[in-house]
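Colleague: Can you open the model and talk me through it?

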Amino acid sequence: MRPEAFSSEMKRPAIFRGITFLGSALHWTVLLAAPLLLSLAVSGAQTSAANTQTPSRIRQGAAPAPKSYPPALVEDGGSVFQQNCSFCHGRDAGGGESGPDLTRSEMVTEDVNGDKIGAMVRKGRPEKGMPRFNFSDRQIASLTAFIHTQQNHALTKKGDRKGVDVADLQTGNLEAGKQYFNGPGGCVNCHSPTGDLAGIASRYRGLKLEEQMLYPENAKSKVTITLASGQTLSGNLAYLDEFTIGLIDATGMYRSSRTSDVKYQIDAPVNAHVDLFSRYTDADIHNLMAYLQTLR
Ligand code: HEC
Ligand code: HEC
């Protein structure tokens, strides 16, 4: 648990902010907070709004002249993007089911050599659904090259771009989804179609179901805090920043300690979902959706 993994937003002493999980995946660290999860529902709507924006929203005057990047750098950036960003921002950065269209982003327009994009990617905006990533300068440079190149393409392209199509969610293969669930996805290690996921498709529909699958809302992390006295407290993690850790114990009581005074261990099985980001293909997600939608 490294302090630099906390975003400044997390320093606000809001007791029930409810960090859902702090994930440390193999090659990146992501911080997701419950408000993020709530915001996902909203971001579906934002996405469609974003899709109706006109490119005129981009202040060309403020933009540096379109720059061209070495093709190899753009290509590297493309693969980092496909692995880590595309399922939210779309394969072409043109907006996806839960992330805005980056080709129409003012931040991207105003970015110079990754100053804004790099800061955004490294800090994230967890409360709004944008995770943070630990990327090298080289990875940031390649992502920047890719995103700017996509923006240049989009600005010079005529005609309507495709928005989010809910019908896309129906294109998966049920059997393949079931196999992925029981096999490579490892979902079955934590879930059961007749247990916790029974009726999931009745509780969430369409995009909401997909968001819930990618970023489960309200997931609880367990924490055990060992006080200096040796006494231990355990419960659901309710708050964590650099200075303070709080939990809600079995009696519903909120208890907090200074992180410097205690030891703590967080168990967040839902982190498995973060690890899955870099493994899913679009087809896996569509197939899983086809399968989950049968669990009514
Ligand atoms: C789980 C979904 C998700 C993933 C993964 C994700 N983003 Fe985002 N991103 C978002 C959301 C949601 C926002 C909008 C945040 C807001 O409303 O402030 C955002 C915002 C941004 C912005 C700022 C856009 C603007 O105009 O404010 C940039 C740049 C960005 N993301 C780049 C990336 C890059 C690069 C990656 C991959 C390394 C990535 N994102 C991965 C969801 C995601
Ligand atoms: C290591 C354990 C683990 C693995 C592996 C895992 N999940 Fe989860 N998943 C969780 C936890 C924990 C939650 C949050 C449950 C809670 O606290 O309500 C969750 C929540 C969900 C939810 C939302 C459930 C609800 O009732 O809202 C869905 C859907 C889901 N996971 C699907 C999947 C799929 C599909 C896979 C495989 C691709 C998968 N999960 C892999 C641990 C895991």
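This is a predicted model: local features need pLDDT of at least 70, side-chain atom pairs count only at pLDDT 80 or more; totals for chains, interfaces and linings use all residues.

Colleague: Ligand 1 to begin with. Which residues come nearest?

Modeller: Cys85, Cys88, Ser105, Gly129 and Met130 come nearest, out of 23 residues around ligand 1. Helices H3 (86-89), H4 (106-110) and H5 (115-123) each give two or more residues to that shell.

Colleague: How does the shell around ligand 1 split by class?

Modeller: There are 13 nonpolar, seven polar and three charged residues around ligand 1.

Colleague: And ligand 2, which residues come nearest there?

Modeller: Of 20 residues around ligand 2, the nearest are Gly185, Cys187, Cys190, Pro216 and Ala272. H9 and helix H10 (271-277) are the elements giving two or more residues to the shell.

Colleague: Which element has the largest share of the shell around ligand 2?

Modeller: H10, with three residues. By class, the shell around ligand 2 has 13 nonpolar residues, six polar and one charged.

Colleague: Switching to helix packing. At what angle do H9 and H11 pack?

Modeller: About 115°, with the axes of H9 (residues 206-214) and H11 (residues 282-292) 11 Å apart. That angle makes H9 roughly perpendicular to H11.

Colleague: Is the crossing of H9 and H11 left-handed or right-handed?

Modeller: H9 crosses H11 in a right-handed sense.

Colleague: Which residues meet there?

Modeller: From H9, Leu209, Glu210 and Met213; from H11, Leu288, Met289 and Leu292. By class, this contact of H9 with H11 has five nonpolar residues, one charged and no polar ones.

Key: Residues are numbered from 1 along each chain as its sequence is written. Chains are lettered from A and ligands numbered from 1 in the order in which they are written. Axes are lines fitted to C-alpha atoms, for helices over the stretch in contact, and angles run from 0 to 180 degrees between N-to-C directions. Helices (H or I, at least four residues) and strands (E, at least two) are DSSP runs, numbered from the N terminus. Angles under 35 degrees count as roughly parallel, over 145 as roughly antiparallel, 65 to 115 as roughly perpendicular and the rest as oblique. A crossing is left-handed if the near helix is turned anticlockwise from the far one by less than a right angle, and right-handed if clockwise. Two residues are in contact if their C-beta atoms, placed from the backbone, lie within 7 Å. Ala, Val, Leu, Ile, Met, Phe, Trp, Tyr, Cys and Pro count as nonpolar, Asp, Glu, Lys and Arg as charged, and the others, Gly among them, as polar. A residue is near a molecule or strand if its C-beta atom, placed from the backbone, lies within 6 Å of it.
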